[in-house]
Amino acid sequence: MIDMDTLLLTAAVLLLVTLITGLVRALIGPSLQDRMLSIQLLGTGGVALLILLGLLLKIEALVDTALVLALLAAVAAAALTRRETPHD
Amino acid sequence: MTELLGSLFILASLAFFAAGSIGLLRLPDVHARLHALTKADNLGLGLLVAGACLIGGHLLLALKLLLVWLLVMFASAIAANLIARHAMKDGEES
Amino acid sequence: MMLTQLIFGIAGGLLFAMGLRSALIRESLLARILAVNVSGAGIFLAFVAIAYRGLEETPDPVPHALVLTGIVVAVSATALALALRRRLEEADDE
Amino acid sequence: MEITLWHLLDSLLAILLLGLAWSALSGTDLKRGVVLFMAFGLLLSLIWARLRAPDLALAEAAIGAGLSGALLLLALRDREKSENKAGQPMSLLRLATVLLMLLLAASFALAYVTAVTSNTGGRLAGLAFGNLEQSGVSNPVTAVLLNFRAYDTLLELAVLLAATLGILALGSERRPFRRPGVLLGALVTWISPLLVIVAGYLLWTGAHAPGGAFQAGALLAAAIVMLRLGGMTSEQLPHPLLQGWLLASGIAAFMLAGYLATFHDLAFLQYPAGWAGLLILLIESAAMLSIALSLGLAYLGGSPSGWDERSSRGKRS
């Protein structure tokens, strides 16, 4: 029987590997929107990894960090897509 | 027992994260990639949060985790929409 | 020295050198601003690696406090640099 | 030393960080560089979490996800002819730079090894933990920032203020954004109040758990960024005069608390016994507000429109 920590740690490593895979899209693009999708994925994956690390290292504040990332998950997309008011 | 169930949830969530990443990499254009990303990602995080709630044990933590999940779903749905529209406008202009 | 400290210490050193090199040889101002930030992050990483004491131990709080203020000051310095860059471009136009 | 799964995780994190930094700095496409740098910032936050530095992870998450990305994406819009591409490296400097790099890398390694191996003797960590009970708070990082090394923090706030004054002096703000659509409007209306609540929570909890003025200030600044993205104009900010006071309030509260001590025959910034906890909370609240406004104004990119009117009115009278 494997213990809990090893299991969670393996999950964290595998999760990181999938995030690295997803980040290839940020590298190859081609469009800015494609790259931004990759950031979006890293945001969600980062939330997941923070939760796992919080359980593993027994630091509850990492859930607060995940909360902060979750609250700000759409800021980058909004900052990319907003248009400025026209000159008068 | 709850811990075992929790770890099963977490392992299952990995499959969805992997699907999201691979979809992001393999699908042909922005809109298709968007689809893979949002669907798989939210389900993945949902399962992971469920697992963490079972393992973590106490109520306050579970509530916080639930809030995190809801916020990510809310934000990423809107972000996906913004990116999709932006990509469409770019397509028209070029 | 713990292996973790070694791994992140080396990474910090490489980031520092990488960032400094780009900051010196790049012509684009924006690229230079990014480079200085990467270089600073390398130093932060080395500080936090030095503070690390092990999986269960509480780390040294002094470097953490230094890096915390450093992160906030770095972003405000970046904003100042970006504002300067914008002003320079405007001045070129006139 | 034993190699475990943790070291695999560490190596993956470190390699990914280096890879992102390398690709962010190497290409000639600035857009690509900025997006990869944003990924770099998010990853840094995960690494702080891994290295048991939740205080840093919180601050980096707020800044990386809420502030620096938005700032850089905005900067991409005013790229000019001279900078359409990131530019080729200048060849003349190359050899000199490589030599300099080698020298610096060597001194960095030396400094690092010295710092890590000189574990014996009276390290500051021991001092900090030993005096934690008298500091007025139980989060050691907050204790270092607001009590043991309060001088440093005071000066950091001064640096922050100086940078903001620089931005304000350089010109007027960027154009505000158009009115948001339904979806973005909903996002801004729901998330901004939550950001303010979480910032308040982080400020309060900073006394005994990770959090504090810097994290809360960064998060509050992210709230300003969010409101700005939702079409906020600078007229909706507090009155310019109040803004000025808010910008200075962090330093002012610090100085006031510092001088208060001198009336009790204590040194500057040495808090009277029993008062430390309250004083720290007051200073932190003020510091949070000035950090938030500093970084928020930094996102506007220059002095808000109201500031110009005030200064011209001042000249006329």
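The legends below describe several close-up views of a predicted model.

**View 1**
Read from the N terminus, its elements follow the order α-α-α-α-α-α-α-α-α-α-α-α. The C-alpha trace of chain D extends over about 60 × 60 × 40 Å along its principal axes. Of its 317 residues, 48% count as buried. Among the contacts in chain D with a separation of 6 or more, 74% are between residues 24 or more positions apart.

**View 1. The packing of helices H8 and H9 in chain D.**
Helix H8 of chain D covers residues 182-205, and it packs against H9(D) at an angle of about 170 degrees, with the two axes 8 Å apart. H8(D) is therefore roughly antiparallel to H9(D), since angles over 145 degrees are classed in this way. On the H8(D) side, the residues that meet H9(D) include D:Val188, D:Ile191, D:Leu195, D:Ala199 and D:Leu202. Among their counterparts in H9(D) are D:Ala216, D:Leu219, D:Leu220, D:Ala223 and D:Leu227. By class, this contact has 17 nonpolar and two polar residues, with no charged residues. An α-helix has 3.6 residues a turn, so residues three or four places apart point the same way.

Helix H9 of chain D runs over residues 213-229 and has 17 residues. From its first C-alpha to its last, H9(D) reaches 24 Å, close to the 24 Å expected at 1.5 Å a residue. The helix is mostly covered, as 16 of its 17 residues are buried. Just after H9(D), D:Gly231 takes a positive phi of about 95 degrees.

**View 2. Helix H11 of chain D and the glycine that follows.**
Helix H11 of chain D comprises residues 276-300, a run of 25 residues. Its reach from first C-alpha to last is 36 Å, close to the expected 36 Å at 1.5 Å a residue. H11(D) is mostly covered, with 19 of its 25 residues buried. D:Gly301 follows H11(D) and has a positive phi, near 85 degrees.

**View 3. Chain C, a chain of three helices.**
Chain C contains three helices and zero strands. Along the sequence its pattern is α-α-α. The radius of gyration of chain C is 17 Å, well over the 12 Å that the globule rule gives for 94 residues, so chain C is more spread out than a compact globule. Along the principal axes, the C-alpha trace of chain C spans about 60 × 25 × 15 Å. Of the contacts in chain C between residues at least 6 apart in sequence, 50% join residues at least 24 apart.

**View 4. The contact between chains C and D.**
Five pairs of chains are in contact, and of these chains C and D share the most contacts. In this pair, 76 residues of chain D are in contact with 61 residues of chain C. On the side of chain D that touches chain C, the largest share comes from helix H4 of chain D, residues 93-117, with 12 residues. By class, that side of chain D has 51 nonpolar, 14 polar and 11 charged residues. By contrast, no contact joins chain B and chain C, and their closest C-alpha atoms lie 18 Å apart.

**View 5. The contact between chains A and D.**
Chain A contributes 42 residues to this contact and chain D contributes 48 residues. Four helices of chain A, namely H1 (4-28), H2 (32-57), H3 (61-71) and H4 (75-81), each supply at least two residues of the side that touches chain D. H2(A) gives the most to this side, with 11 residues. By class, the side of chain A that touches chain D has 30 nonpolar, seven polar and five charged residues.

A:Pro86 lies in the segment after H4 of chain A. A:Pro86 and A:Ala12 are separated by 74 residues in sequence and by 47 Å in space, C-alpha to C-alpha.

Terms used: Residues numbered from 1 in each chain as written. Chains lettered and ligands numbered in written order. Predicted model: local features only at pLDDT ≥ 70, side-chain atom pairs only at ≥ 80, totals over all residues. Contact = placed C-beta atoms within 7 Å. Nonpolar A, V, L, I, M, F, W, Y, C, P; charged D, E, K, R; others polar. Expected span 1.5 Å × (residues − 1). Buried ≥ 20, exposed ≤ 12 C-beta atoms within 10 Å, placed from the backbone. Rg over C-alpha atoms; globule rule 2.2 N^0.38 Å. Axes fitted to C-alpha atoms, helices over the stretch in contact; angles between N-to-C directions. Parallel < 35°, antiparallel > 145°, perpendicular 65-115°, else oblique.
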